[in-house]
Amino acid sequence: MEKIILSGMRPTGPLHIGHLFGALKNWKRLQDEGYVCYYMIADYHALSTEYLNPKNIKNYVEEMAIDFLSSGLDPEKSTIFIQSLVPEHTELHLIFSMFVPIPYLERNPVYKEQVEEIKDRDLHTYGFLGYPVLQAADILIYKANYVPIGIDQMPHLELTREIARKFNYLYGETFPEPEAILTETPKIPGIDGRKMSKSYNNAIYLKDSPEIIKEKVSNMFTDPKRIYRKDPGHPETCPVFLYQKIFNVNRIEEIENDCKNAIIGCTDCKRELGEKLAVYLEDIRIKREKLEKDKKKLMEYLIEGSKKARNVAQKTIIEVKKKVGVFYEC
Ligand code: TRP
Ligand code: SF4
């Protein structure tokens, strides 16, 4: 039996190299290994936090599609689609909401943390509480077997599994219990050494020009103990060194040695890294420029993908409606 994969991202901003290593490379690998892959731009999930100011979502959807395709997702191989163009997700979400106990949602650690942390908007809403129920519908409507996600999303997958089990118990065997694919990926810190995030203003974006990349790298934090050029460095505590390990592997031993013995200065080290990183991202940038020039074609890919997804989603929703007793032949 073919194995089905689904994953998605919320279009709330441009994608950075953390997304590339944390998700997109993995998604591409799964696509190339021949899984049946659904990759979704979760615009309704974006709306659950951006509802006060939703005017950017559409632009981010387009940008996200460009980032997906330029980093190697192939609309010929994977079904790449927009969540809101497959309204069956919301129908399944509604049906699930009939039997999902509110306490399951209220004790979800992701929910608790976000309501606590995000202070610039009110997240005490029905939609935000139900965020993981919509996510369960995203996954189960394609009867996905595997879901490549970050560890932070595990509570949502656990809830998805519970929902699948409960539906199967109440209405008969329908959904598989999807499993997470948690691949070890290199953790790339932001240029200030903290977690890379749009809100920290410390990210290197896939759309950054070579000049911007070099500029950002030249401003990176380095070993705080290395104050003067003659001081020996401690590469193991330097975010630049972490990057060198990924983008400049061939020279890593020399750099480590030259840093520890104060042979290379941080400015030169960062200049070398900036150049390497710009080259590394060149392929993506070239593809990006092409896609940006033909937005019509881009939308066609997304509409085509959404139609394909919808065909499958409609089959599931009919099966579900029959099972719960709200299907009418018409
Ligand atoms: N909640 C996910 C995130 O914030 C995005 C998402 C929405 C998702 N629906 C999904 C991920 C379904 C995997 C499967 O990253
Ligand atoms: Fe970091 Fe490079 Fe400076 Fe060493 S030389 S501390 S690795 S920036």
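In this predicted model, ligand 1 is surrounded by 14 residues. The closest are His 45, Tyr 131, Gln 135, Asp 138 and Gln 153. By class, the shell around ligand 1 comprises seven nonpolar, five polar and two charged residues.

Three of these side chains can be described through their distances to nitrogen atoms of ligand 1. A polar side-chain atom of Tyr 131 lies 2.7 Å from a nitrogen atom of the ligand. For Asp 138, an N or O atom of the side chain is 2.7 Å from a ligand nitrogen. For Gln 135, the corresponding distance from a side-chain N or O atom to a nitrogen atom of ligand 1 is 3.0 Å. Taken alone, ligand 1 exposes 360 Å², and the protein buries 87% of that area. Two elements, β1 (4-9) and α8 (131-140), each give two or more residues to the shell. Helix α8 gives the most, with four residues.

The secondary structure of the chain comprises 15 helices and five strands. The radius of gyration is 22 Å, close to the 20 Å given by the globule rule for 330 residues, so the chain is as compact as a globular protein of that length. Along its principal axes, the C-alpha trace spans about 80 × 45 × 40 Å.

Of the 330 residues in the chain, 48% are buried. Among contacts with a separation of 6 or more, 77% join residues 24 or more positions apart. The chain exposes about 17300 Å², of which carbon and sulfur atoms supply 54%.

How values were computed:
Residues are numbered from 1 along each chain as its sequence is written. Chains are lettered from A and ligands numbered from 1 in the order in which they are written. This is a predicted model: local features need pLDDT of at least 70, side-chain atom pairs count only at pLDDT 80 or more; totals for chains, interfaces and linings use all residues. Side-chain values use heavy atoms; hydrogens and water are left out. A residue is near a molecule or strand if one of its heavy atoms lies within 4 Å of it. A polar contact is a pair of N or O atoms within 3.5 Å; within protein, one must be able to donate a hydrogen and the other to accept it, and residues adjacent in sequence count only if both atoms are side-chain atoms. Accessible areas come from the Shrake-Rupley method with a 1.4 Å probe; for residues, only the protein chains shown count as cover. Ala, Val, Leu, Ile, Met, Phe, Trp, Tyr, Cys and Pro count as nonpolar, Asp, Glu, Lys and Arg as charged, and the others, Gly among them, as polar. The radius of gyration is taken over C-alpha atoms; the globule rule is 2.2 Å times the number of residues to the power 0.38. Buried means under 20% relative accessible area, exposed over 50%, partly exposed in between (1.4 Å probe, protein chains only). Contact means heavy atoms within 4.5 Å.
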